[in-house]
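Subject: Structure for you to look at

Hello,

Here is the structure I said I would pass on. Please open it first and keep it beside these notes while you read.

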Amino acid sequence: MNYRTSYLLLWIGLLTALVLGCVSVLVGVIALAVTFLQLLLFYRCPHCRHSLPAQGLPPSCCPNCGERLG
Ligand SMILES: [Zn+2]
């Protein structure tokens, strides 16, 4: 999975966690945990594997190695 898919899954996961949180707080928290776990594992620079900043839009260049992303 590349960082773009991971970024998309972040938003899908947040929305899912919000909806599931209305049904059950525990399930919502689990969905949130899974969302952030995948972000931690896959939201990384494809060149140096440095984790990318999760706030805002995905950067066009890696903040660690300076390589262009995507
Ligand atoms: Zn990098």
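Leaving out neighbours up to four places away in sequence, Thr35 is in contact with Leu9, Leu10, Gly13 and Leu14, where contact means heavy atoms within 4.5 Å. Before going on, note that this is a predicted model, in which local features need pLDDT of at least 70 and side-chain atom pairs count only at pLDDT 80 or more, while totals for chains, interfaces and linings use all residues. Residues are numbered from 1 along each chain as its sequence is written, and side-chain values use heavy atoms, with hydrogens and water left out.

One of the contacts of Thr35 spans much of the sequence: Leu9 is 26 residues away along the chain, yet the two C-alpha atoms are 7.1 Å apart in space. Thr35 lies in helix 2; helices (H or I, at least four residues) and strands (E, at least two) are DSSP runs, numbered from the N terminus. Is Thr35 buried or exposed? Thr35 is buried, because its relative accessible area is 5%; buried means under 20%, exposed over 50%, and partly exposed in between, with a 1.4 Å probe and protein chains only. A polar atom of the Thr35 side chain lies 2.7 Å from the backbone oxygen of Ala31. That is a polar contact, meaning a pair of N or O atoms within 3.5 Å; within protein, one must be able to donate a hydrogen and the other to accept it, and residues adjacent in sequence count only if both atoms are side-chain atoms.

Gln38 is also in helix 2, which covers residues 25-42. The side chain of Gln38 has a polar atom 3.3 Å from the backbone oxygen of Thr35. Gln38 is buried at 11% relative accessible area, and beyond four places in sequence it touches Met1, Ser6, Leu9, Leu10 and Tyr43.

**The zinc site**

Which residues hold the zinc ion as donors? They are Cys45, Cys48, Cys62 and Cys65, each through SG, at 2.3 Å. Donors are N, O and S atoms within 2.8 Å of the metal (3.2 Å for Na, K and Ca); water is not among the atoms, so sites may look incomplete. Along the chain the donors follow the spacing C-x2-C-x13-C-x2-C. The angles among the four donor atoms run from 104 to 115°, and the site is tetrahedral, a label given to four donors if all angles lie between 85 and 135 degrees.

**The core and the whole chain**

The largest nonpolar core has nine residues: Tyr3, Tyr7, Leu10, Leu39, Tyr43, Cys45, Leu52, Cys62 and Leu69. Such a core is a set of buried Ala, Val, Leu, Ile, Met, Phe, Trp, Tyr and Cys residues joined through side-chain atoms within 4.5 Å. Helix 1 (residues 3-23) gives the largest share of this core, three residues. The zinc donors Cys45 and Cys62 are listed in the core as well.

Arg49, in the segment after helix 2, has a positive phi of about 65° although it is not a glycine.

The protein chain has two helices and zero strands. Of its 70 residues, 23% are buried. Its C-alpha atoms fill a box of roughly 45 × 15 × 15 Å along the principal axes.

Regards

Definitions and conventions
Tetrahedral: all angles 85-135°; square planar, octahedral: opposite > 155°, others 65-115°.
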